[in-house]
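Please keep the sequence and the 3D view open while reading.

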Amino acid sequence: MIKVQNLVKRYGSKCAVDNLGLEVQPGEIFGLLGPNGAGKTTTIRMLTTLCKPDSGTIEIAGHDLRIKRDAVRRLIGVVPQERNLDLELTVQDNLMVYAGLYQLDKRRQRVDACLDLFGLAAERMTQADKLSGGMQRRLLIARALLSQPQILFLDEPTIGLDPQIRRGIWDSIATLRNEGVTIVLTTHYMDEAAVLCNRIGLLSNGRLRMTDTPGNLQISAGSFMVEAPDSNGIKRTLCPDREQAEMVAALLPGALIRPANLEDAFIALTGQEL
Amino acid sequence: MVSINPILHREMLLLRKKTLRLGYLFSTLLFPLLYLFAFGWGLGSKVHLNGTTYVNFLVPGLLAMTAMNNSFNLSAASVGMGRLFSRTMQPILISPVSRFSIVNGYLYAGIIRGMIACTIVAAAALLLFGSSSLPLSLPALAGLLLTMSFFALAGLLAGLLIKDLEDIAVITNFIIMPMAFFSGTFFPLDNMPAALRNSLGLLPLSQANLLLRSHTFSSGTLYALIVLSLLCICCYLAAYTHLHHYQE
Ligand SMILES: Nc1ncnc2c1ncn2[C@@H]1O[C@H](COP(=O)(O)OP(=O)(O)O)[C@@H](O)[C@H]1O
Ligand SMILES: [Mg+2]
């Protein structure tokens, strides 16, 4: 569905995206996991036609992005990192304007259906700046889905939201996958990536370090984590199995063993904190 | 079904919200109305210029200035702020809407806002000084429309090109406002040195003022119409090209 090769984007001397290559299969949720400044937003901007790469190729649903930008624009929906709603307009008008931009048929019905789906029907006449952060985020997702895109891009979809609201948004995203929408999302929350994504690419300093399923990424780094207090804080050791973890723990006073998570894997594989 | 240009639709919804705020109305109409009261009443019928009263000279100039400010501000602020501050321009740029529709939308929206503001200023002039102060000739109306078109397109181009929000204020303070003073809005350029007068006469607002003060077509008005039309075409193409190649 998406094929990216040797993608490079520089800002001055800084290489925001460095020779990135990836493939996303139809119907999967692909996650780009990385800390702030890793190059997630820059990658999404290039994939969504907002910004041209310095070099490399992007193919979306068979279209070369250098040539068929408008064809790609019709196929994709984008939920940006920033909440760029028309804050002075009502919820309904935000969507109606968007329906116009995508030249949708039966605009009123599409907008009503979207409002219902995202639990925004009661707020249709509310001005967007009066909505809570979670509702604004839902409106952004509703807006991106109005044109029924085949591919949805979400840049940090739950950043800054309460745990309960995050779960609600995860449910919406999972539902979309079940409807066959291909999804690319970025996040710096490892739990989000682990829960939602079929495959994850670990991004740090503009480079894709490794791409695999959440399970395999964890296993490749080690299944158990031994944590023991030492003079510099906590000393962490990843171990491939329980037996070895117990051997390591026996040598360290006060050591605890716990199952390793994706964050441990990220740190082990990239040498960088999330 | 014929559907309204989506950019225009959005701008009209935003404009409706804004005009309900008193401060906004004030800030866009305060200056032309202030000039109208102060100069119109102060100098109005006593001073004579070019064989007519000063009011009859001033009102067309104020209308050209109002058209310029309002049409330029609408698209420059909407596009500049939308790109750099609220980032509401980005969803438009990555939507499949044609780049011609985007240019047309801001052109229409700029013209409409110019027309609304000019109607209010003209109504005030009509009430205060009677219909003889209003430029109602065909070249004047054509000039007004071209002025709005040119500045709406120039505003779009400025909004697309600026790198920083401060740049809007810089353009307004160093280009737009001075142009109002040196294009024959408040006083004729006749007393200036010939070289300066001739170069100032080339400014788009000078052409607009010339048209707004003519009663019939002549070679001078024709020249001004052609200059303004060419400026519109250049701005249109520049804005379109820039949108087509837009990237962050
Ligand atoms: N418009 C820009 N100008 C200059 N540098 C930028 C720009 N956008 C991003 N960068 C730089 O590129 C790097 C990657 O940024 P970004 O893609 O936003 O990361 P992320 O979304 O993963 O936090 C950062 O170091 C950032 O400072
Ligand atoms: Mg980001």
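## Domains, ligand and chain contacts

Chain A splits into domain 1 (2–212) and domain 2 (222–270), with bounds from an automatic or database domain assignment. This is a predicted model: local features need pLDDT of at least 70, side-chain atom pairs count only at pLDDT 80 or more, and totals for chains, interfaces and linings use all residues. Residues are numbered from 1 along each chain as its sequence is written, chains are lettered from A and ligands numbered from 1 in the order in which they are written, and side-chain values use heavy atoms, with hydrogens and water left out.

**Between the domains of chain A**

The centres of domain 1 and domain 2 of chain A, taken over C-alpha atoms, are 35 Å apart. Twelve residues of domain 1 of chain A and six residues of domain 2 of chain A make the contact, meaning heavy atoms within 4.5 Å. The size of an interface is often given as the accessible area lost when the parts come together. Domain 1 and domain 2 of chain A bury about 670 Å² between them, and 89% of it is on carbon and sulfur atoms. Buried area here is the accessible area (1.4 Å probe) that two parts lose on being put together, summed over both.

Zero salt bridges link domain 1 of chain A to domain 2 of chain A. A salt bridge is a side-chain nitrogen of Lys or Arg within 4 Å of a carboxyl oxygen of Asp or Glu. On the side of domain 1 of chain A that touches domain 2 of chain A, α7 (190–196), β9 (199–204) and β10 (207–212) of chain A each supply at least two residues. Helices (H or I, at least four residues) and strands (E, at least two) are DSSP runs, numbered from the N terminus. β9(A) gives the largest share of that side, four residues.

Strand β9 of chain A also holds one end of a salt bridge. A:Arg199 pairs with A:Glu28, with the closest N and O atoms 2.8 Å apart. A:Arg199 is in β9 of chain A and A:Glu28 is in the loop between β2 (14–24) and β3 (29–33) of chain A, so the pair ties together parts that are 171 residues apart in sequence. Over all chains, the count is 17 salt bridges.

**Around ligand 1**

| Residue | Atom of the residue | Distance |
|---|---|---|
| A:Lys14 | polar side-chain atom | 3.4 Å |
| A:Gly39 | backbone N or O atom | 3.0 Å |
| A:Lys40 | backbone N or O atom | 2.8 Å |

**Between chains B and A**

How many residues of chain B are in contact with chain A? There are 26, and they meet 30 residues of chain A. The area buried between chain B and chain A is about 2,500 Å², and carbon and sulfur atoms give 57% of it. B:Ile94, B:Pro96 and B:Glu248 supply 26% of the area that chain B buries against chain A, more than any other three residues.

Two salt bridges join chain B and chain A. A:Glu82 forms a salt bridge with B:Arg87, where the closest N and O atoms are 3.0 Å apart. On the side of chain B that touches chain A, α1 (6–19) and α4 (89–93) of chain B give two or more residues. α1(B) gives the most, with eight residues.

Methods:
Polar contact = N/O pair within 3.5 Å; in protein donor to acceptor, adjacent residues only side chain to side chain.
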